[in-house]
Amino acid sequence: MTLLEFARGPGLYASLAVFVVGTLWRLAAILRRPALPDLSPAREGAPSKLAGALHANVRAMWPRPAFQHGTLAATLNGYAFHVGLALVVFGYAPHIAFVERVTGLSWPALPDAVMYLAASVTIVALLIALMMRIFDPVRRGISTADDAISWTLTFLPMFTGMAIASEPSSVILARQDVVYAGPLAVHLISLELLLLWFPFGKLMHSVLFALSRGASGVRLSHRGVGL
Amino acid sequence: MSAAAGQAPAFDSQGTLPDAARVDAALGSFAREFGVTASLHLESCVRCGLCADACHFHLATGDPKYTPVRKLEPLRRAYLREASPFAPLVRALGLARAPTIDDLHEWQELLYDSCNMCGRCTMVCPMGIDIAELVRLGRHGMFKAGLVPERLALMDRTARQWGSTATPGEDLPDILAEAAAEHGVEIPCDLPQADILVTAAPAELGEHTKALAAAAKVLNRAGLRWTMHREGFDASNVGFNNGDLELQERLTRSIIDTAVKIGAHTVLLPECGHAYGAARWEAAKWYGKALPVRVMHMTEFLDELIAQGRIRVNPIGESATFHDPCQIVRRGGLEAAARRVLGALGFELLELQDHGTTAFCCGGGGGVVSNQRATPLRHKVFRIKQEQVEATGARHFVTSCGQCRITLEQGAKHVGWNREVESLLELVADRMAD
């Protein structure tokens, strides 16, 4: 078995299994923690729990004016690599072809030029995030091994992907053989490492953020706090 | 016992538990309290550090140790080891170090001296993490471990003995009689039946009886049937702030049970922020079911009386700025009520740069005002509020929490700032029309 065969076969399916089972396990374990009902009467005119949770989710997407001075740069940088990652993962034609091979699902791809721009912005934004974590005393003081591992495993697929995206996607997709088998295997393995780590570290926030925001939204909107 | 010699770092301890037992007590408390919301919040943090930009202790000092989420570090480690989805794995592989007694000593300052549980950090957190509530969980464990600032522990012992940090209940009739005589107002006490049970903050039973008299004037003018009562009168609930759950329940029950006993339909809370947090939002938890009485803060009570026309006020017609008490506004939802009362007083409201749900805390909430050793830190924080008040150019500086007033007055005195902090209640009482 070649490295690419491993990456496309057992490596992929094993990492997907850990990703799915681990994520569900973590989610279920959190949601099964005890919950005390709030027996206090809600503020008159308070929204429903669902409305409070949704409102809090929308509100948290952008910092309040009072905080923009100190948080705008970090917020914009965060959006840069989140949006960039999403575009690259879901918009790049070879990625869509890969997903189609595995699941049968397909959707229109974005132009290569958009992908190159998104990937470049993402890599730069991730590097800026790393610099902030290393040089900002606040972030340095609260960082853990999870931050280093999660950053590395997010950066690696971007980096290894750029190394094999030297041709237009139409050329890559039209070709029957894989020219860069080694680099492609490394790229796939870097993705599989990300999937393996996902349930155990902070990357899980991509699932938990809505619940976390929603929980505070429910609590505060019950009290009539204007979110 | 105080281990502090002069300046911080400081930690105090109570009792004679050996260190290992203290750690066990703290960890046991944490593990019991990790509910679904606390778990979601501890699991969702991406350690972006934005909470530091909301915390007045960090902004005033520039010290990264005051980053709000950092104050949760031992709690986070305890969670990972004891309650997280992969806790057995974490313990087996040693992925999170168990908190030690040294960690807890260091943590005491971060939890009690430099956190007001004001919740401003929640407003900036992109994950919506309620750090204030997690700090409270931390305080519960610290109390169990006997690791509370000594001044707060002293208040706790007093409240356990007297049911109040101010006075034993049997002295209440005399205190009220003196206040009534001093201010020329009738203050009923221990009536067997009343519609409203009126409670007080400890300071109102000592140096600040004017606030008590102001409440009495308003209630009497509105023609309401009310009383204070020796069996349940102190609303401040030091257990809520200290992390003493047993005391919090006892103090809560004393008020609710007394209200039920005298047939009251309403418990009226004083101008006190944490009283509101403890009674309005948490009393039912201790009561075990929906409360049989309505719990109201003085601000919403005034708002209702004015709206119903039961009292009328003569407009002052000058400019004012308003300090939003955290537990009443950001965590209590009474932002609009206070402004309606200010409007009834005819004030031209000049808002602080940061107001409403993003207002800065006075620096004294969460028991910090009573924690003497935190005074230098509190005074640094005061500068933020002072600058914002001065920038408004307002004639009056008003708030609706007695603890905030005391904190702000102490800060003003420290820096020689000649500015009176006025009570919304007292302004209403002083300006009531015939």
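A crossing of two helices is called left-handed if the near helix is turned anticlockwise from the far one by less than a right angle, and right-handed if the turn is clockwise. With that convention in hand, the crossing of α6(B) and α8(B) reads as left-handed. The structure discussed here is a predicted model, and its two chains are taken in turn below, followed by the place where they meet.

Taken along the principal axes, the C-alpha atoms of chain A fill a box of roughly 65 × 40 × 35 Å.

Helix α3 of chain A, residues 49-59, packs with α11(A) at an angle of about 120°, and the two axes are 7 Å apart. Angles from 65 to 115 degrees would count as roughly perpendicular and those over 145 as roughly antiparallel; α3(A) and α11(A) are therefore oblique to each other. The crossing of α3(A) with α11(A) is right-handed. On the α3(A) side the contact is made by K49(A), G52(A), A53(A), H55(A), A56(A) and N57(A), while α11(A) brings A210(A), R213(A), G214(A), S216(A), G217(A), V218(A), S221(A) and H222(A). Sorted by class, these residues of α3(A) and α11(A) comprise four nonpolar, eight polar and two charged.

Chain B is divided into three parts: domain 1 covers 19-148, domain 2 covers 166-305 and domain 3 covers 313-430. Between the centres of domain 1 and domain 3 of chain B, taken over C-alpha atoms, the separation is 29 Å. The contact draws on 15 residues from domain 1 and 20 residues from domain 3 of chain B. On the domain 1 side, α3 (56-61), α6 and α7 (120-124) of chain B each supply at least two residues, and the most come from α3(B), which gives five. The residues on this side of domain 1 of chain B that touch domain 3 divide into eight nonpolar, five polar and two charged.

Helix α6 (residues 101-113) and helix α8 (residues 131-144) of chain B pack at an angle of about 135°, their axes being 11 Å apart. This angle makes α6(B) oblique to α8(B). From α6(B), L104(B), Q108(B) and L111(B) meet V135(B), G138(B), R139(B) and M142(B) of α8(B). By class, the contact of α6(B) with α8(B) holds four nonpolar, two polar and one charged residues.

Finally, the two chains come together. In all, 48 residues of chain A are in contact with 46 residues of chain B. On the chain A side, α2 (10-31), α4 (68-91), α7 (137-142) and α11 (205-222) each supply at least two residues. Among these helices, α11(A) gives the most, with ten residues. The side of chain A that touches chain B contains 25 nonpolar, twelve polar and eleven charged residues.

A helix pair that spans the two chains also involves α11(A). Here α11(A) packs with helix α2 of chain B, residues 36-44, at an angle of about 135° and with the axes 9 Å apart. That angle makes α11(A) oblique to α2(B), and the crossing of α11(A) and α2(B) is left-handed. The residues of α11(A) that take part are H205(A), L208(A), F209(A), L211(A), S212(A) and A215(A), and they meet T37(B), L40(B), H41(B), E43(B) and S44(B) in α2(B). Divided by class, the contact of α11(A) with α2(B) has five nonpolar, five polar and one charged residues.

Definitions and conventions: Residues numbered from 1 in each chain as written. Chains lettered and ligands numbered in written order. Predicted model: local features only at pLDDT ≥ 70, side-chain atom pairs only at ≥ 80, totals over all residues. Axes fitted to C-alpha atoms, helices over the stretch in contact; angles between N-to-C directions. Helix = DSSP H or I, 4+ residues; strand = E, 2+ residues; numbered from the N terminus. Parallel < 35°, antiparallel > 145°, perpendicular 65-115°, else oblique. Contact = placed C-beta atoms within 7 Å. Nonpolar A, V, L, I, M, F, W, Y, C, P; charged D, E, K, R; others polar. Domains from an automatic or database assignment.
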